[in-house]
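Work through the exercises below with the structure open beside you. Try each task before reading its solution.

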Amino acid sequence: MLTLFLFSVLEVDVKVADNNAKHHTDLMSTTQLIMRRGQSFSIHLKFKEPFNPGVHNLVFTATLGNIPDKIRGTKCVFGIPDFVKRAPNAKAIWKAELSPDQKGRNVVVNITPPADAPVGKYSLFLNYLGEDKKLGHFPLIFNPWCTDDSVYMENEEKIQEYVLNERGVIFKGSGNYISPMFWDYGQFEDDMVEIALTLLYVSPEHLTNPMKDEAARYNPIYVSRIISRMINSDEDRGVLKGQWEGPYIGGMSPTHWSGSYPILKRWYNIGCHPVKFGQCWVFAGVMCSVMRALGIPCRVITNYESAHDCDKNLTIDVYHADWGVKEIPSPDSIWTFHVWCEGWMKRPDLSPEFDGWQVLDPTPQELSGGVHRCGPAPVKAILNGNTDLDYDVPFVFAEVNADCNDYLVFKNGSKKTISTDSRRVGQNISTKSVGSNKRWDITSHYKHTEGQAHRIKYVSSPVVSAAEPTSTATSNIIPTHTHLTRGKEERTHGH
């Protein structure tokens, strides 16, 4: 009897071109199916005998990982008709529907991954008339077009900018002399989705517990935190090795790079070993590329006069020794500029008021959970001073809003406050405008105005037009001075 059912499915066509176009992944590949969660895709099947939907059943199985599990959401059995019995606590339920286009032996099935499915590399199987057939494998990524996806972004123009735009601007220089550099994110270059997913698969979280890691990837909070860790190399298989001063022996100076793809492709080709070398704008640019490749809206942010609060007291403290007192070094510092990312996502672990942009910083500065990573920290929490929230809100709050205190230390160990500056830190926080290369000043997103704003002059990169509500006017006048950093480091470049 088995021979009657062998090869009952004669042809399978996953319609890569059509499906990828509908899922906004056609620029990523013309040969590999790349799907977004929460949105249907079609598979064309040709059977040996005419298909009768009233008599025959189609049973599909979608799996993620080597040990897929229905309760964890990494395995789902579903069908037409869907008579599959599931446990009440089964997660990430897929759906299948017959398209009205079927004719006799030719059947079109529309398959919909759930909007909360874990992202990763899936395999899809079909059981028909007792015969099992693998229909193919494909990456599944986040979907900012889907209202039920936790990275949903309502504004199409913003999606075009923060997901689909490959050309960006990263701002450097100093608060008085802001200069733009063009950055190629390259999220649609060859193998970029594969590279981005590989970054997740070689993470310590996956290598330690693959089942737990894959199940957790339904959540962009978790995924973005992994990416923040894996862009830097912290004695693991991260992408970039940081170095803040030359000589850059065995690698390239951070100023050599002008795009993410050469870095990510090299990392991938050499067996996921760190590429040398990066500094903050390189780390942020590479992270933005990976986030966009996985479907999470992302943008790069530059903060001028950026504080590094090592002792976590939300202030930048400098100690001056009295006569005859040994100099006391300060662990804190202020960088002329520092660059990080923002990712767009909901925060169901907090409350709806903290949905939206989240700070993510892949530059290895301070430990978070025992490793070098930072975020996602809600921008709204930073603005409102909610420093009791995860993740790393106090550190980012200090970067943009720390008070600068100078103390005089006496022989008996007592100290006297010399001065306090509550306005210096966190100036001209900048990102690229939507739809143009102009600078958008978003300082008001991070901090409330403290007294009268300083008068700043610029030599390049004008602020965005009045269409952006937080923009300010500028002029092209060369400044007469720039700020130096304070604390134990005195450098005029970014971290």
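The exercises go from the whole chain to single elements of a predicted model.

**Exercise 1. Confidence**

Task: Find the mean pLDDT of the protein chain, and state which share of its residues reaches 70 or more.

Solution: 
- Start with the whole chain. The mean pLDDT is 87, and 88% of the residues reach 70 or more.
- Check the start of the chain. Residues 1–6 have a pLDDT below 50, and this stretch has 3 contacts in the model beyond near neighbours in sequence.
- Go on to residues 452–493. Here too the pLDDT is below 50, but 98 contacts beyond near neighbours in sequence are present in the model.
- Apply the rule for reading. Where pLDDT is low, the predicted coordinates should not be read in detail.

**Exercise 2. Overall make-up**

Task: How many helices and strands are there in the protein chain?

Solution: 
- Count the elements. The protein chain has 11 helices and 24 strands.
- Turn to burial. Of the 495 residues, 53% are buried.
- Look at contacts between residues at least 6 apart in sequence. Among these, 65% join residues at least 24 apart.

**Exercise 3. A hairpin**

Task: In which sense do strand 10 and strand 11 pair, and over how many bridges?

Solution: 
- Locate the strands. Strand 10 covers residues 167–174 and strand 11 covers residues 177–184.
- Read the pairing. The sense is antiparallel, over 8 bridges.
- Pick one bridge. Val169 has Phe182 of strand 11 as its partner.
- Inspect the link. With 2 residues between them, strand 10 and strand 11 form a hairpin.

**Exercise 4. Two packed helices**

Task: Describe how helix 3 and helix 8 pack, giving angle and axis distance.

Solution: 
- Take the geometry. Helix 3 (residues 192–201) meets helix 8 (residues 280–293) at about 105°, and their axes are 9 Å apart.
- Classify the angle. Angles of 65 to 115 degrees count as roughly perpendicular. Helix 3 and helix 8 are therefore roughly perpendicular to each other.
- List the contact residues. Helix 3 contributes Met192, Val193, Ala196 and Leu199, while helix 8 contributes Ser289, Val290 and Ala293.
- Sort them by class. The contact has 6 nonpolar residues, 1 polar residue and no charged ones.

**Exercise 5. The sheet under helix 8**

Task: Across which strands does helix 8 lie?

Solution: 
- Name the strands. Helix 8 lies across strand 14, strand 16 and strand 17 (356–360), and runs at about 0° to strand 16.
- The open sheet has 6 strands in the order 20-17-16-14-23-24, with antiparallel pairing.
- Find the edges. Strand 20 (377–378) and strand 24 (439–441) each pair on one side only.
- Zoom in on one pair. Strand 14 (residues 298–308) and strand 16 (residues 333–345) share 10 bridges. Thr302 is opposite Val339 of strand 16.

**Exercise 6. A mixed sheet**

Task: Why is one side of strand 15 and of strand 22 left without a neighbour in the sheet?

Solution: 
- Write down the order. This open sheet of 3 strands runs 15-21-22, and its pairing is mixed.
- Reason from the edges. Strand 15 (315–321) and strand 22 (415–421) each have a single partner strand, so one side of each has no neighbour in the sheet.
- Note the turn. Neighbouring strands are turned by 25° against each other on average, direction ignored.
- Follow one pair. Strand 15 and strand 21 (residues 403–409) run parallel, joined by 7 bridges. Asp317 has Asn405 of strand 21 as its bridge partner.

Terms used. Residues numbered from 1 in each chain as written. Predicted model: local features only at pLDDT ≥ 70, side-chain atom pairs only at ≥ 80, totals over all residues. Heavy atoms only, no water. Pairing = 2+ DSSP bridges. Helix = DSSP H or I, 4+ residues; strand = E, 2+ residues; numbered from the N terminus. pLDDT = per-residue confidence, 0-100. Contact = heavy atoms within 4.5 Å. Axes fitted to C-alpha atoms, helices over the stretch in contact; angles between N-to-C directions. Parallel < 35°, antiparallel > 145°, perpendicular 65-115°, else oblique. Nonpolar A, V, L, I, M, F, W, Y, C, P; charged D, E, K, R; others polar. Buried < 20%, exposed > 50% of the residue type's maximum accessible area, 1.4 Å probe, protein only.
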